[in-house]
Amino acid sequence: MRVAILEDDPDQAELIRLWLTHAEHSVDCHADAASFLRAVRRDSFDLYVLDWVLPDLSGIDVLKKLRREMGDYTPAIIVTAKDEEQSIVRGLEAGADDYLVKPVRQAELVARVSAVLRRSVGNKPEEQDLDAEPYSLSFTNKTVSLNGEKLNLTNREFELALFFFRNIGKMMSRNHLLEAIWGIENKSVSTRTVDTHVSRLRKKLNLGKENGWILSAIYQHGYRIERVDA
Amino acid sequence: MTGENGKPIEIADPFARRLIGKYLSNRKDDIGKLTRALDDADFETIRVTGHNLYGSGAAYGLDQISWLGADFEKAADARNAPEIERLIGELTDFLDKLRVS
């Protein structure tokens, strides 16, 4: 999964980065709110880990901005030395999904990250089939049907379709798609490949108003699938 | 500073062990930063440095650095210069005597 971290102390950021990378997450660290907000505007992530006390905006201000101004509901964990009950309540009320008091330890942080990510997909196993009328996606057979009729997709196109339908309404960056579908280690694939596959998928699924779903390109950022009135 | 029986403090977390050299070098830089901040009565820098020491120390397996960090934060909030001077001495002493494995 892709995790964006906002932590101004480079020693803590580096340690957290190593922990989460070892747990097979892809990690993007930022030392100040401005840089973090720029990153989440141009890219997409599965989880945010936010420090509270920062040199510019506080982690709470960043969270409020994400939730209230940017409509970004990516799960977020506040990691801070503030351990009073009032602070914990403030963090959760601002939109945090979990709250972790510093000093953090590897096992607990990794477990909390996994728990929040599990909750964010509604505790559904990755292998579960998915219905998005008039489409249905069968994980077992790796097929997508439109109004009950099976469509002819490659495995990669199926994975891409499944990923989009699991992230309805959320902008998914090209890099995020590359990591999720082609694998984080695959350096031989460029974002152009993503564009080609998305274009082919759009045609094969016949995505458009007539079927109630559109897959929009977000200029210089990525793609978003949304339901529309047919 | 060593652990019980004069043995070096063992850094259990393999990732922290990998970064500990740089971490301790940065803490030595903190001593200079704290001393200059105290000279300038810049209590905010002392508070932030203490805050970061508190957050990072135990994560790196060095609980004493976290405790000192918390004390720096408290002393900075109280603008207690003599206490900050004493804490700088304690941190210096701790880092000078520290042996890790």
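Here is a short tour of the model, stop by stop.

**Before you click anything.** Keep in mind that this is a predicted model. Its scores are ipTM 0.86 and pTM 0.78. Colour chain B by confidence and you'll be looking at a mean pLDDT of 91, with 93% of the residues in that chain at 70 or more.

**Stop 1: where the chains meet.** Show chains A and B together and pick out the contacts between them: 16 residues of chain B touch 15 residues of chain A. Now stay on the chain B side and select helix 1 (14–39) and helix 2 (43–57), the elements that each give two or more residues to this face. Which of chain B's elements supplies the largest share? That's helix 2 of chain B, with 6 residues.

**Stop 2: a sheet in chain A.**

**Stop 3: strands 11 and 12.** Zoom in on strand 11 of chain A along with strand 12, residues 222–227. How many bridges join these antiparallel strands? Count 6 of them. To finish, click on Ile218(A) and look across to strand 12 of chain A: the residue standing opposite is Gly222(A).

Definitions and conventions:
Residues are numbered from 1 along each chain as its sequence is written. Chains are lettered from A and ligands numbered from 1 in the order in which they are written. This is a predicted model: local features need pLDDT of at least 70, side-chain atom pairs count only at pLDDT 80 or more; totals for chains, interfaces and linings use all residues. Two residues are in contact if their C-beta atoms, placed from the backbone, lie within 7 Å. Helices (H or I, at least four residues) and strands (E, at least two) are DSSP runs, numbered from the N terminus. Two strands pair if DSSP finds at least two bridges between them. pLDDT is the predictor's confidence in each residue, from 0 to 100.
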